[in-house]
Each structure stands twice: as C-alpha cells, then as structure tokens.
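Here are some friendly notes to read with the model open on your screen.

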Amino acid sequence: MLQRVISKWRSRSNLRRQISTAVRQTCTTDDEGSWNYSSEWWDDDFKGQPVFQSFSDKGNGLISVLSYPSSTPARAYWTEKEKWLQQRYAEMHPGCEQDEKFTILGYQWRALRFNRETRQSTVKVMAACRKSDAGSVYLMQQAHCLAVPYVKSMLSSGLASIKSSDYDLKSAILGKKTMNILCIGHGGGTLPLFLADKIQGAIVDIVEIDPVVISASTKAMAFPSFSVMSPSGERANPTPNPIDEVMWKGTHERLQLYESDAEDFVMNSTKFYDMVFVDAYDGEDMFPHKLWDPQSPFLNSLSDRLHPEHGTVVVNLHADTDLFDDDDDTLPCQRLLPMEKYVKSVCEAYKDVIVGNSNDGLAFNVLVPWVCNSSLVVSRGFRKGVGVVDRDMVLDTLVSNLFEVEDILKLPFSCLEYLKRGIYLVN
C-alpha cells in the first residue's frame, strides 16, 4: 500500500516539475505586476504618501490609499503610451483641427488599506497630461497589471474551470458572445477592470457595500468613474467625462458598480451569471458569515442566479493555518490538508449549496503562491460526462485548458504559476 502511495506521489512530483518547466517557458513577457516588485508597495511601516483618507461607517474603519513610486515601465516605453493616448484622442474628436499631444508624468503603485492594517488591494496608476494644458493631470489604472497573487490565482483557476465546463470562453474573449460576470467586493477594482479589458464580451456587475471604498477606487485608484450606478439602476453620471472616453471607451460601458449589500443585490437580481468572483473581507479581515452560511438567503439566491450548466464561482479565502512550502516533497500521508475548521466550513458550504449531489459539478481549493490565501472554485459543469474524478485528473484538465486561456488573452504572466502548489478537492 505504501509503495502505491509513494509511486503516486512521485508521479505528482513529476507533474509539478513539468508545470514549473512550462511556467519558465511561457513567461516571455515582462509582468509589471510580478511579485518581484512587491517590495515597492508592501510597506509594513506605512511610509507611502497618503492620497486618500476617509472613515467608513460599514465596519472598515479608516480607509486610506497610499502611493509609492513604481520602477516600471521604464521611460523608454512611455512614448508608446503617449502615442496611444494621442491616437485615442483623435478617434474621440474626429473634427479636431490640431492633434492633441500627451505627456506621461509617471507611474505609481496605489495601495488600499483598511484600519491602517489590512492590505486590501494594490493597483498601478499612470499619470498623464495634455501638452496644451499642463495643469490637467489624468490618472488611468493599468488594467493589465495585477500586483496581488491571489487575484491572479482567482482568474487562472476560474477561467480554466469554466473552459473545462464546455463553455465557449474564446467567443466571449473575442466579443462574439456575452459573458455575465458578478464581482462581490470591489477594493481597488483590479479584478473587474481586468475582466472587462481582456474579455470583450464581458458584462461585469460589481457589488460593494461601502461607499467610501467606491470613492477611494474612483478618486484615488483611477477606476473608471462612469461605472458607478445610482440606486435606481441608472448611471450616476449619464455622460462620461471626455477624457474618460479617451482612456476607457469600449470598456467602461461594460462595468456597472453598485453600492449595495451583496445579499440584497443577489436576492433582487434577475440575471443569470456565468461566473461569480467573491472577495469580501472587511476591516477586521473577516469574511462575513452570512456570505458563507449554508442556510443564508445569500448562498441560496446566488445558486439560483448561477448558470445551471457551466456556472462557476471563485472565492478568495485567507488560510487559517500555515501553508506548506512550495518545495515541500513530504509524502501526502505525512501532510496535513491546509484547510482547518474555518476554511473547510466555507468550502463545504459553497459546494453543498451550489453543486449539491450533482454528478457534473465539483469544488476544489487552490493554494496561492507567496501569500497565505487560497482560491475556492465551485464549478457546475467541470465533471460533465467524466464520472469519478481525482485530484490529478482535475489538475491535468486545468493545465491543458490554461495554455489556450493564456494564448487568447495574451497574458503578461503564466497562469500555471498559480496552480503549481497544487489543488485539494472539497469532500
């Protein structure tokens, strides 16, 4: 028996080595959001320059945005972006007699903090001005730059999963079909902005309970302000700012940012969602119980609003135990599953409510490199026509689909990097 366990583990170790090799081979584009740059913004001592501060009455305490210099992109690449802005301006103002020129002023990291303790999210922001009006400074969040590893993990595992459910992801990416996505929890907006920017058919609804977080993201983290919705369901600003059209036309129309309680929003929604991303930690760094209580109206309404064939939910979780090292080759019979009572309860609640006893669905947990997070993925169509599955089969399926996802999306990072620590099936 032990020999079979050892043989299987060696097989898994070979698979991990193959994944690591594939990661090195596919990482040919410099990733501005690489963890190698995290020292520029991680900041345990709060030495960043405050650009936004306001108190929340939603339990998030003092909400602040701190700025830090970014070393990338190098100045040699700024001219390319200046030309892009000039071209976009000309497209938005076809009758303009004189070409408007732009100057890039620089790039910054901007980090959102709750209670001066919780790192909520980090974005990269570009500052530019028109040469004809040097006093006008415009900020643009860099949609391609994902600085926090768990966001890349959620995207990688989620997109690979829905593609493994016979969903035509390529058509959605190319804008040939609509893909309805719900993001619960907004932060700085990196996840929904990336989705809308990269998936041309994506319609992204974002639900954020705290109006101060919405203000921080649009005013200090350069999230498109045209996305903000009024309580009536209309755009808060019916006409976008002209410079926002230059930067975001074609993207911000497909973003809808609602100030709402997640439970209320889901219960009153009539839309079916292909994908749902949940990242809703509060100022105490806690995941609200009502968002994972199996008896709650939230989970049951979310299940009702998820596409019955391929619906996929991805949840960011904070580990409640230390995760093992990337290079740990301990035999599986000698290792502890990195899910203690809290994470295990959340995972089982989502699986039981969303998948239940379906023969087509499954749930698994993905360990995130570098940080103590994991990505829970619950998929309704992953096992369609497969029957009995095991961990290695699921991992093989995810890896085979990730290559196409990376290729179509032209990602600056390798999705495989965010699977190489392994996955754990729920139940």
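1. A word on helix axes before the first pair: axes are lines fitted to C-alpha atoms, for helices over the stretch in contact, and angles run from 0 to 180 degrees between N-to-C directions. Please also keep in mind that this is a predicted model.

2. Start with helix α3 (residues 149-163) and helix α5 (residues 190-198), whose axes cross at roughly 40 degrees and come within 10 Å. That angle makes α3 oblique to α5, and the crossing is right-handed. On the α3 side the contact uses Val 151, Met 154 and Leu 155, while α5 brings Thr 190, Leu 191, Phe 194 and Leu 195. By residue type, the contact of α3 with α5 divides into 6 nonpolar, 1 polar and no charged.

3. Helix α3 has another partner to look at, α11. How do the axes of α3 and α11 cross? They come within 9 Å, at an angle of roughly 105 degrees, and that makes α3 roughly perpendicular to α11. From α3, the contact takes in Ser 156, Ser 157, Leu 159, Ala 160, Ser 161 and Lys 163; from α11, it takes in Leu 398, Asn 401, Leu 402, Glu 404, Val 405 and Leu 409. The residues of this contact of α3 with α11 divide into 6 nonpolar, 4 polar and 2 charged.

4. Next come helix α9 (residues 297-305) and helix α10 (residues 341-354), packed at an angle of about 45 degrees with their axes 9 Å apart. Here α9 is oblique to α10, and the crossing of α9 and α10 is right-handed. The contact of α9 with α10 divides into 7 nonpolar residues, 2 polar and no charged.

5. Stepping back to the chain as a whole, there are 11 helices and 13 strands. Of its 427 residues, 59% count as buried. Among contacts between residues at least 6 apart in sequence, 72% join residues at least 24 apart.

6. How many residues does the largest nonpolar core have? The count is 80, and the residues with the most contacts inside this core are Met 179, Ile 181, Leu 195, Ile 199, Val 204, Phe 277 and Phe 364. Helix α11 (residues 391-409) supplies the largest share of the core, 8 residues. Another core, of 35 residues, lies apart from the largest one; among its members are Tyr 258, Val 278, Phe 287 and Ala 349.

7. Leaving out residues up to four places away in sequence, Met 179 touches Ile 162, Tyr 167, Leu 169, Ala 172, Ile 199, Gly 201, Ala 202, Ile 203, Asp 274 and Met 275.

8. Is Thr 122 buried or exposed? Thr 122 is found in strand β4 (residues 118-130). Its relative accessibility is 4%, and buried means under 20%, so Thr 122 counts as buried. Not counting residues up to four places away in sequence, Thr 122 touches Trp 41, Trp 109, Arg 110, Ala 111, Ala 147, Val 148 and Thr 190.

9. A few backbone details are worth a look. The peptide bond from Thr 72 to Pro 73 is cis, with omega near -5 degrees. Pro 73 is found in the loop between β2 (62-69) and α2 (78-92).

10. Two residues other than glycine have a positive phi to check. For Asp 43, phi is near 55 degrees; Asp 43 has its place in the loop between α1 (2-26) and β1 (49-55). With a relative accessible area of 13%, Asp 43 is buried. For Trp 370, phi is near 75 degrees, and Trp 370 lies in the loop between β11 (362-367) and β12 (373-379). Trp 370 has a relative accessible area of 42%, so Trp 370 is partly exposed.

Definitions and conventions: Residues are numbered from 1 along each chain as its sequence is written. This is a predicted model: local features need pLDDT of at least 70, side-chain atom pairs count only at pLDDT 80 or more; totals for chains, interfaces and linings use all residues. Side-chain values use heavy atoms; hydrogens and water are left out. Helices (H or I, at least four residues) and strands (E, at least two) are DSSP runs, numbered from the N terminus. Angles under 35 degrees count as roughly parallel, over 145 as roughly antiparallel, 65 to 115 as roughly perpendicular and the rest as oblique. A crossing is left-handed if the near helix is turned anticlockwise from the far one by less than a right angle, and right-handed if clockwise. Ala, Val, Leu, Ile, Met, Phe, Trp, Tyr, Cys and Pro count as nonpolar, Asp, Glu, Lys and Arg as charged, and the others, Gly among them, as polar. A nonpolar core is a set of buried Ala, Val, Leu, Ile, Met, Phe, Trp, Tyr and Cys residues joined through side-chain atoms within 4.5 Å. Buried means under 20% relative accessible area, exposed over 50%, partly exposed in between (1.4 Å probe, protein chains only). Contact means heavy atoms within 4.5 Å.
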